[in-house]
Amino acid sequence: MPVWAQAGLWGLLAGGALVLGAAIAWLVRVPQKVVATIMAFGAGVLISALSFDLVDEAEQTGGLVPTAIGFLAGAGIYVAANILLSKRGARHRKRSHEIQGSEEDTPGSGAAIAIGALLDGIPESIVLGLTLLKGGGVGVAVFAAIFLSNLPEGLSSASGMKASHRSARYVFGVWSAIAVASGLAGLLGALFLEGASPTTIAAITALAAGAILAMVADTMIPEAFEKTHLYAGLAATVGFLSAFVIGHV
């Protein structure tokens with residue numbers, strides 16, 4: 001199977017965790033503290049993967065300068081887009097309760113939330129596709145990090161959507177579309193960057209990593225801390241260690 005096709009399938013599978021999380025939230029009333037704890041765990045997993053499997057490897061592959069530039073650019077682009085979406089009603093898109101807001105309260109917020117979810121998921125899938133370009137199959141630690149962070153993301157956000165009286169059609173339509181888009185992002189990333197120079201690969205990897213870190217700090221950690229408070233740090237530490245162990249087994 002071509003690398004680009006593998007990247008698409010792995011991206012779709014990782015994005016499918018969003019749908020799984022949304023299904024759990026829709027069918028079962030999960031306590032907000034449990035959701036927040038899982039969110040903190042997922043944040044720790046992502047930070048670990050960023051540290052050891054993305055940024056560090058990008059620097060070793062393409063050098064410090066392109067890695068640093070890409071990393072800062074990724075964070076800057078994400079923050080700028082997130083600010084714009086926040087003004088449209090997507091500020092609390094990962095929140096698991098009524099603060100997320102409804103369409104009646106903020107017209108157009110539904111579309112903004114969907115676009116925001118896409119903004120959160122695309123960088124992860126591009127990175128996943130890039131791990132396949134190195135040969136030897138998909139990066140297991142990176143895939144595990146994305147999957148384990150997508151699950152609570154879908155769970156938390158879908159809980160908030162349900163509390164804000166959004167329909168099942170909307171909720172599952174959003175997450176299914178994001179899962180498909182994640183697969184396409186992984187596919188396109190591998191397709192267009194296959195054969196690219198190490199410097200280019202490093203810069204793109206770092207750009208996606210910067211966007212992911214900004215997303216974790218802006219959306220996942222605040223939601224986790226709000227409900228778990230002092231336990232958020234412990235859950236994030238366990239997540240960090242879990243991803244680290246997966247990457248070294």
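What share of the 249 residues in the protein chain is buried? Buried residues make up 48% of the chain, where buried means under 20% relative accessible area, exposed means over 50%, and partly exposed lies in between (1.4 Å probe, protein chains only). The model is a predicted one: local features need pLDDT of at least 70, side-chain atom pairs count only at pLDDT 80 or more, and totals for chains, interfaces and linings use all residues. Residues are numbered from 1 along each chain as its sequence is written, and side-chain values use heavy atoms, with hydrogens and water left out.

The protein chain has 8 helices and 0 strands. Helices (H or I, at least four residues) and strands (E, at least two) are DSSP runs, numbered from the N terminus. The order of elements from the N terminus is α-α-α-α-α-α-α-α.

Helix α2 covers residues 32–62. Its 31 residues should span 45 Å at 1.5 Å a residue, and its end C-alpha atoms are 42 Å apart, which agrees. The expected span of a helix is 1.5 Å times one less than its number of residues. α2 bends by about 40° at L50. The bend at a residue is the angle between axes fitted to the seven residues ending there and the seven starting there. G63 follows α2 and has a positive phi, near 100°.

T37 is in α2. T37 counts as partly exposed, because its relative accessibility is 36%. Leaving aside neighbours within four places in sequence, T37 is in contact with T228 and A235. T37 and E223 are 186 residues apart in sequence, and their C-alpha atoms are 9.4 Å apart in space.

A search of the whole structure finds 1 cavity of 30 Å³ or more. A cavity is a set of points, on a 1 Å grid over the protein atoms alone, where a 1.4 Å probe fits but cannot get out; lining residues have an atom within 4 Å of a point. Grid points are joined across faces, edges and corners, and a volume is the space filled by probe spheres set on the points. The volume of the largest cavity is about 40 Å³. Its lining consists of L46, A49, L50, L54, V127, V142, A145, I146 and I212. α2 and α5 (140–163) each supply at least two of the lining residues. The largest share, 4 residues, comes from α2. L50, the site of the bend in α2, is one of the lining residues.

The lining of the largest cavity divides into 9 nonpolar residues, no polar and no charged. Here Ala, Val, Leu, Ile, Met, Phe, Trp, Tyr, Cys and Pro count as nonpolar, Asp, Glu, Lys and Arg as charged, and the others, Gly among them, as polar.

A209 is found in helix α7 (residues 198–228). A209 is buried, because its relative accessible area is 0%. A209 and V127 are 82 residues apart in sequence, yet 7.6 Å apart in space, C-alpha to C-alpha.

N150 is found in α5. N150 is buried, because its relative accessible area is 3%. N150 touches A14, G15, A17, L18 and E124, not counting residues up to four places away in sequence.

Helix α6 (residues 168–193) holds A181. α6 has 26 residues and reaches 37 Å from its first C-alpha to its last, close to the 38 Å expected at 1.5 Å a residue. G195 follows α6 and has a positive phi, near 90°.

A181 is buried, because its relative accessible area is 18%. Leaving aside neighbours within four places in sequence, A181 is in contact with L118 and I122. The C-alpha atoms of A181 and L118 are separated by 7.6 Å, although the two residues lie 63 residues apart along the chain.

S125 is found in helix α4 (residues 109–132). S125 counts as buried, because its relative accessibility is 4%. S125 touches S182, A185 and G186, not counting residues up to four places away in sequence.

Conventions
1 Å grid on protein atoms, 1.4 Å probe; cavity = no way out; pocket = protein on both sides within 12 Å on 5 of 7 lines; lining within 4 Å. Contact = heavy atoms within 4.5 Å.
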